[in-house]
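Subject: Handover of a two-chain model

Dear colleague,

Below is the structure I promised to pass on, followed by my notes on what was found in it. Please read the notes with the model open beside them.

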Amino acid sequence: MGELLKVQNITKYFPAKTGFFESSGAPIHALNDISFAIAQGETLGLVGESGCGKSTLAKVIARLILPTSGKIFFEGDDITSVNGARLKKIRRNIQFVFQDPHASLNPHMTIGSTVSEPFVIHGLSGAKKALLEAENILDLVGISKEAVKRYPHEFSTGQRQRIAIARALALTPKLIIADEPIASLDVSIQAQILNLLKELKEKFNLTYLFISHDLRIIEYISDRVIVMYLGKIMEIASSRDLYKHPIHPYTEALLSAIPVINPQSKKKRIILKGEIPATTKLPSGCVFHTRCIYVKQRCIDEIPKLTKHDNRFFACHFPL
Amino acid sequence: MNNCLLEVKNLHTSFFTDAGEVKAVRGISFSLEQGKTLGLVGESGCGKTVTALSIMQLLPNQAKITPGGSILYKGKELLRLSQEELRKIRGREISMVFQEPMTALNPVFTIGEQIREAIELHGNLNKKEATNEVIKLLKDVGIPEPNKRIKDYPHQLSGGMRQRVLIAMALASFPSLLIADEPTTALDVTVQAQILELIGALQGLKKIAIILITHDLGVVAERVDFVAVMYAGVIVEYASTQNLFNEPLHPYTKALLGSIPKLEDKDAKLNTLKGSVPVLTELPAGCIFYERCKEKSARCKDITPELVEVKEGHWAACCLYEKG
């Protein structure tokens with residue numbers, strides 16, 4: 001499998017607010033030195049708690065925001081600062097599915113125009129032919145053809161997310177970034193959308209970057225998983241290895257926190273102490289040391305590097 | 001049942017809207033013993049929260065509890081109490097913790113003042129004693145440096161800390177029943193684990209009964225003694241947690257369990273439910289789950305199944321188990 005996307009030492013700082021009520025202070029360290037690659041055809045899961053930088057990373061990759069430093073390569077080309085026609089071409093190949101389909105579909109546009117618009121924007125076909133294309137794609141995601149004349153408010157949340165997926169799929173992109181695509185749905189609808197995403201992946205040989213805070217869903221859908229904490233990568237491993245044997249203490253704690261759907265299981269639970277530190281004031285050394293149950297002096301003094309061992313990456317001085 | 005704390009019988013609650021009568025809760029019955037935990041599970045719109053609000057009688061104006069039902073608390077009929085009498089029960093005897101801790105707390109008062117208010121309303125402590133009580137409560141719910149924290153405003157606390165404050169407030173008056181409506185839904189997993197652990201520990205300590213409302217079956221499996229599965233305003237299955245997960249009876253419960261990715265077997269396709277929940281203004285005749293059911297037969301279209309005891313303590317409302 002070839003490499004589809006590679007990010008190298010991506011860092012993103014947001015400047016501190018200097019408004020009337022906000023004292024000017026330290027910038028927010030949203031992403032710190034992130035490097036990884038996505039292989040063609042794989043589903044890479046990105047997991048972590050709120051504020052760990054998952055969505056910022058997704059937006060940087062989709063070129064919706066610019067990184068402070070670092071590089072992004074798509075099919076070997078550096079796309080970190082491309083613009084104009086080249087950026088438009090990248091947009092065609094990297095598409096986004098957002099969390100909330102109530103916000104991501106324009107309420108003033110019919111479903112037909114929303115889904116056919118990409119064809120027109122990229123000059124692939126005229127409005128009439130584009131509408132036919134839209135009907136075909138809607139059919140693929142399980143929405144009937146009559147939908148093209150209707151508006152988003154006439155659909156349920158689950159159906160709207162199908163429409164958002166159809167729109168992302170319209171130009172057969174190579175990479176789809178799905179940022180919490182099922183977080184706002186009920187369990188039974190979540191399962192429908194997960195199955196749909198799996199089906200579409202096989203049909204179109206898609207590559208997914210799938211972001212979720214739900215570890216069960218990440219395991220189900222992903223080939224490999226990245227675990228993030230406070231803007232840093234803690235661990236990268238195949239989903240099978242990660243769930244069977246976490247190497248990073250944060251991954252271990254995260255996995256142990258998942259409620260088990262089996263009342264008999266007496267799982268050992270690691271209850272992390274304290275709270276996630278503020279991103280404006282990162283802890284010294286390993287960012288996880290304030291909550292780690294195995295913390296030693298070295299963790300406080302020295303920042304652990306992301307190291308490779310047996311096809312796995314982890315950033316910890318004392319791996320499990 | 002002798003030590004029955006709460007008994008709900010045939011509760012109907014409807015919202016009267018411009019679009020017609022929305023029957024949010026349609027005849028549910030259950031009971032809860034002292035010190036036990038009941039989980040109310042189901043998808044959005046199935047009537048979980050309306051059930052809780054009906055017990056507390058905190059329903060919005062356009063909602064009405066249909067006469068004929070009954071909510072017995074310690075043998076007292078809550079539906080016949082005056083506002084004055086209800087106020088003595090609400091907060092003091094029955095407390096509630098809401099999902100979104102930011103909207104449940106008042107942003108312009110310190111958390112200390114808000115918890116003290118709950119203590120002063122229901123007790124007869126002076127200000128100093130009440131403040132000490134607040135500090136003790138905050139310590140109980142695991143807030144570090146409580147004597148400093150009482151001067152904080154809600155926005156200075158994280159989501160997990162705010163939820164701890166709400167729990168402290170709910171416990172301020174030593175209630176016998178705590179209704180927790182999706183208390184961990186807005187929280188991250190590691191914080192969710194902290195809060196669930198806390199609720200469990202406090203329950204052991206103070207012997208309170210809990211109604212835990214959630215859509216997360218994992219939380220149910222870990223924290224509750226009995227489960228009521230709700231669908232479109234009715235209870236479709238009721239059992240002990242063990243029985244429900246070992247041997248789900250109702251097709252809806254089976255589908256719900258099937259639609260969660262299991263941690264071990266990832267290649268399996270998820271068992272999905274087709275379609276979506278029926279609209280509550282235009283309920284179909286017969287079984288409400290008919291449209292989406294995998295085990296339906298012709299008679300399901302005509303018969304509205306009642307909750308029957310299929311095995312000891314295990315109830316289901318489905319034609320598969322109807323007698324005769």
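**The interface between chains A and B**

Across the interface of chain A and chain B, two salt bridges are found by the rule, which asks for a side-chain nitrogen of Lys or Arg within 4 Å of a carboxyl oxygen of Asp or Glu. In one salt bridge, the side chain of A:Arg216 meets that of B:Asp216, at 4.0 Å from N to O. The side of chain A that touches chain B draws two or more residues from each of helix H7 (187–204), helix H8 (215–221) and helix H9 (239–244) of chain A, where helices (H or I, at least four residues) and strands (E, at least two) are DSSP runs numbered from the N terminus. H7(A) gives the largest share of that side, nine residues. By residue class, the side of chain A that touches chain B holds 18 nonpolar, nine polar and eleven charged residues, with Ala, Val, Leu, Ile, Met, Phe, Trp, Tyr, Cys and Pro taken as nonpolar, Asp, Glu, Lys and Arg as charged, and the others, Gly among them, as polar.

Please bear in mind that this is a predicted model, in which local features need pLDDT of at least 70 and side-chain atom pairs count only at pLDDT 80 or more, while totals for chains, interfaces and linings use all residues. Residues are numbered from 1 along each chain as its sequence is written, chains are lettered from A and ligands numbered from 1 in the order in which they are written, and side-chain values use heavy atoms, with hydrogens and water left out.

In contact terms (heavy atoms within 4.5 Å), 38 residues of chain A meet 43 residues of chain B. The two chains bury about 3,500 Å² between them, 55% of it on carbon and sulfur atoms, the buried area being the accessible area (1.4 Å probe) that two parts lose on being put together, summed over both.

**Within the chains**

In chain B, strand E7 (residues 94–97) points B:Ile94 and B:Met96 one way and B:Ser95 and B:Val97 the other, and all are buried, that is, under 20% relative accessible area (1.4 Å probe, protein chains only). E7(B) runs parallel to strand E8 (residues 177–181) of chain B, joined to it by four bridges, and B:Met96 has B:Ile179 as its bridge partner in E8(B).

In chain A, A:Glu180 is not a glycine, yet has a positive phi of about 50°; this residue lies in the loop between strand E7 (175–179) and H7 of chain A. A:Asn205, also not a glycine, has a positive phi of about 55° and lies in the loop between H7 and strand E8 (207–212) of chain A.

With best regards

Conventions: Buried < 20%, exposed > 50% of the residue type's maximum accessible area, 1.4 Å probe, protein only. Pairing = 2+ DSSP bridges.
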